[in-house]
Amino acid sequence: MKRSFGFDVLACPRCGDRLELIALIDDPKVIRRILRHLGLPTEVPAARPARPPPLPVGRSEAWCDTDEVTAP
């Protein structure tokens, strides 16, 4: 997890000692109950549309169909 998050997630933020993983919660009902208690959203947010591909190098105008693209 250190590679993914960029910091040691098992280091205590107060003293720097090692934390110990004692349980994983995987029951959706329990997870929703905990989130509700913390005042956090319990529903998965709607997926956002994908962004368009990057513009070719040297092009600054809006993206167009490949039929309209001309070589520089």
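**Close-up views of a predicted model**

View 1. C12 counts as buried, because its relative accessibility is 17%, where buried means under 20% relative accessible area, exposed means over 50%, and partly exposed lies in between (1.4 Å probe, protein chains only). C12 takes part in no disulfide, and the nearest cysteine sulfur, that of C15, is 3.7 Å away, whereas a disulfide is defined as a pair of cysteine sulfur atoms within 2.5 Å. C15 is likewise in no disulfide, but C15 is exposed, with a relative accessible area of 58%. A search of the whole structure finds zero disulfides.

This is a predicted model, in which local features need pLDDT of at least 70 and side-chain atom pairs count only at pLDDT 80 or more, while totals for chains, interfaces and linings use all residues. Residues are numbered from 1 along each chain as its sequence is written, and side-chain values use heavy atoms, with hydrogens and water left out.

**View 2. The salt bridge between D8 and R18****.** A search of the whole structure finds one salt bridge, a term for a side-chain nitrogen of Lys or Arg within 4 Å of a carboxyl oxygen of Asp or Glu. D8 forms a salt bridge with R18, and their closest N and O atoms are 2.3 Å apart. The pair links distant parts of the chain, ten residues apart, with both D8 and R18 in the loop between α1 and α2; helices here are DSSP runs (H or I, at least four residues), numbered from the N terminus. D8 counts as partly exposed, because its relative accessibility is 27%.

Definitions and conventions
Helices (H or I, at least four residues) and strands (E, at least two) are DSSP runs, numbered from the N terminus.
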